[in-house]
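Here are my notes on the side-chain contacts, as promised. Have the model open while you read.

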Amino acid sequence: MQLSHSSGSISARFDDPNLIASAGLVPAMELAQRAGLERLADQWLSVPTDKGARAGLKVSSLVAGMLAGADSIDDMALLRHGGMGRVFDHAYAPSTLGSFLRAFTFGHVRQLDAVAARLLTELATTHLPRPGPGADRPGADPVPGADRPGADRPGADQLVLVDVDDTVVEVHGHAKQGAGVGYNHLRGLNALIAAVSWPGVAPLISAQRLRQGRANSVRGAGTLIRAALAQTSRMLAGAAAGPPAGPPAGPPAGPPAGPRTVLVRMDSAFFARKPIAAARAGGAEVSVTVRLNPRIEAAIATIPESAWAPVTYNRPVPDPDTGELIHRAQVAEVDFTVFTSGSAHKKHVPQATDLPGRLVVRRVPPLAAIDAHPGSPDPGQDPLFPAWRYHAFFTTMPADVHDTATADRVHRAHAVVEQVFADLKGSALAHLPSGRFTANAAWLTLAAITFNLTRAAAVISGAPDLARATGPTVRRKLINIPARIARSARRLTLHLPTDWPWEHPWTQLWTTVLDRVADPPKPATP
């Protein structure tokens, strides 16, 4: 591709007041309006003084800026270019929005969390697909292992997954409140996230907390898990009640109807009493990676050699210890009870905090055997002293629902939460823009709201690839589309580029969300 004219014959001017750079904000913000974003913010937020006036409009402005790709307060100026003022009202200046965020206290951040939770409930129950066995669902992703033996066990298609993990958002300013060196040796603030998903829907952020950079992963995890499970219960209850009366706003909505099993997945940083107890108290099953210690190693040693079953991975997974890609391994399990006190364990007296379950172990064959037989499921002749590498996790999932191999596949899919972090850091969470900790905590919650809105818009577009796409991809294809505004007979018309590759998904989003507000975009006449 090259320029069709010489550089001397091309000029550019910023002089057209009828152009906008993000026409996809029109259906996206109408979706937010219908889900109640502005109404909920006005109802719940009580930020004092003139800084908190018209909180709903200010929250909507911040979310709109993040939808368009803003990752700092100054970037909110993109809401005030060209013809944006003809399409949207009350696009606040960046300085006004910054003052609004800096007026937040911890209590106001919790109020904003309540707004995010209720907005997600509305989106999930009216705009996201409710899968059923064998249903044709846009963007449907089966439960990991659903196509494997044992997928017909009870609950295979009724599993709701809650993934809990944390990440350090790197900061560079010396005045950032709460900044510290985290577990990854980066100076930043720690974001704790819970993501909920079910077959047919990519993960949605159900709860979030911002913590000091040096915070231990377990700190506050129990509280977050309780909030995430409460949010999941509200979403499930909304799905059981069904969408409100009126024309449908998209595909059948909500989490799975009927009996559901909620599974909380965590990595070894959360293998502690409080997070697991919070999950069990909320009625959920748990699946959490364990650290190898003498007691775990002793339990693994009791597994007979005949119990190990081979598994082959269609997609190689990295070994947590060496980083080598694993395409096959062996799995087995043994009954195990966690959090037994020392004296009680010796006397075999169960305590109230004892939690029985299954210890599922994956062992990886020696690298020499893998290299010798790279394409065979049989590792061939074992070395004289095999050096298996063991990775174990504890789960309370019943064996009649998930057998050993299925439980291993479902637990490894916990890595999907890393994609949530990548999406956040590739958009609004690229920076934590304020020096005030509470302003950055509010920014994190707004980023979660934006993430969920983006995911809902992608699902409504009806394109399976967009339903599974990353946030930046959805933004590039559905949000950041240039348009020219024309006015005729007191109606606004957005003229979009011809031959836009994703015209059909964008038109589906437009007609679904604005079905009673405006006519659908018309194709260009030849």
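1. Start with the network: salt bridges link R110, D113 and R209. A salt bridge here is a side-chain nitrogen of Lys or Arg within 4 Å of a carboxyl oxygen of Asp or Glu. This is a predicted model, where local features need pLDDT of at least 70, side-chain atom pairs count only at pLDDT 80 or more, and totals for chains, interfaces and linings use all residues. Residues are numbered from 1 along each chain as its sequence is written, and side-chain values use heavy atoms, leaving out hydrogens and water.

2. Between D113 and R209 the closest N and O atoms are 3.7 Å apart. D113 is in helix α6 (residues 106-126) and R209 in strand β5 (residues 201-211), so the pair ties together parts 96 residues apart in sequence. (Helices, H or I of at least four residues, and strands, E of at least two, are DSSP runs numbered from the N terminus.)

3. D113 is buried at 8% relative accessible area, and R209 is buried at 17%. Buried means under 20% relative accessible area, exposed over 50%, partly exposed in between (1.4 Å probe, protein chains only).

4. Next, E305 and R363 form a salt bridge at 2.5 Å, N to O. E305 is exposed at 56% relative accessibility, whereas R363 is buried at 3%.

5. R363 also has its charged end over the ring of W388, 4.0 Å from the centre. That label needs NZ of Lys or CZ of Arg within 6 Å of the ring centre and within 35 degrees of the ring normal.
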